Amino acid sequence: MKLQVNKQRSRWWIISAIILISGLIAMLVSWAQIGSPLRPGLDFIGGTRLQYELDCQIPNNCSKPIDVGTVRQIIDDRGLTNSSIQVVGQYGLSVRTKERDLKVEQRTQLEKALSEKIGTFDPNKTQIDTVGPTIGRQLLSTGLLALMISFFGIVVYMTVRFELDYAIFAIVALFHDVWLTAGFFAIFGLVLGVEVDSLFIVALLTIIGFSVNDTVVIYDRIREIISKDGNRAIADIVDDAVNQTLARSINTTLTVLLTLLSIFLFGGETLKYFALALIIGFATGAYSSIFIASSLLAWWRERTGRGIPAPAEGLSQVDATSSNDASSI
């Protein structure tokens, strides 16, 4: 079955618009509630990270897994609400609190209370990291700068390799992918309290690279068909290019998504939302390359007259016009 992208392109644009607007609404609601479009994590707003690991050399100290509910109760009793708790492996524990000035006495009391309920921790494996607000702002600004530089680099690359309109619509598709992913995480932040950290910026950069690769493959095939059979309508050319690369796009995306799904399910709390961002972004990247970037290019070339088939060989422009008039009569 041949996929007719351009025949139903309004449908694809409407679907994307609905999802993007929903994400925008979630960002605006989040901004009104917490002053940020996404719920920022420790990396951006600062705080303290406490990492412990049970000492399994002590008899019966590692006989049972760490109970997150017990840890949560101990932390809440000490006024450290809204802290992030993560069980690392079987016997490791990571606690992230927004308190940047957590005193030594508070940390000692917390560790003592956890040891009484959970088990004795190995002092050689205890780590305490503090992130100040200045470092958090630097991480955020550096991440946003990296995103802007990547967009600019892709525009230059696509313009040199193809033409300016190819580059513009490739960037539109990339912006679509980033916005949609951020929109989902804005919704997750409001509903589930999911925070974004520096790994989220890494995920967005990875999504951009994956998505533009898919778009380049389709654009390459469009250019190849135009060079061989440029007298056809641009919509037909784009549809053919999409169908010729469709199996490759689907197989590549599914293979990557299976790996990311495994990381999401079994990779632990640290990588869980990083993998989720990649799952959303990669799936969206494949969708936008096929249904957004290609259909926008066909629409634009039709609007500018560059997608109209040339007159048949040996037929003058006047004869072609007369023939078209006669057929319309």
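The model is predicted: local features need pLDDT of at least 70, side-chain atom pairs count only at pLDDT 80 or more, and totals for chains, interfaces and linings use all residues. Residues are numbered from 1 along each chain as its sequence is written, and side-chain values use heavy atoms, without hydrogens and water.

A search of the whole structure gave one cavity of 30 Å³ or more. A cavity is a set of points on a 1 Å grid over the protein atoms alone where a 1.4 Å probe fits but cannot get out; lining residues have an atom within 4 Å of a point. The volume of the largest cavity is about 70 Å³, taken as the space filled by probe spheres set on the points. Its lining has 10 residues, and Leu 42, Arg 96, Thr 97, Lys 98 and Glu 195 are the closest to the centre.

The whole structure holds 14 aromatic pairs. Rings of Phe, Tyr and Trp (its six-membered ring) pair if their centres lie within 6.5 Å; planes under 30 degrees apart count as stacked, over 60 as edge-to-face and the rest as tilted. Tyr 52 and Phe 121 are stacked, at 4.9 Å centre to centre and 25 degrees between the planes. Both Tyr 52 and Phe 121 are buried (under 20% relative accessible area; exposed is over 50%, partly exposed in between; 1.4 Å probe, protein chains only).

The ring centres of Trp 299 and Trp 300 lie 6.3 Å apart with planes at 50 degrees, so this pair is tilted. Trp 299 is partly exposed at 29% relative accessibility. Trp 300 is partly exposed at 36%. Trp 13, Phe 169, Trp 299 and Trp 300 make up one aromatic cluster.

Technical notes
On a 1 Å grid over the protein atoms alone, a cavity is a set of points where a 1.4 Å probe fits but cannot get out, and a pocket is an open set with protein on both sides within 12 Å along at least five of seven lines; lining residues have an atom within 4 Å of a point.
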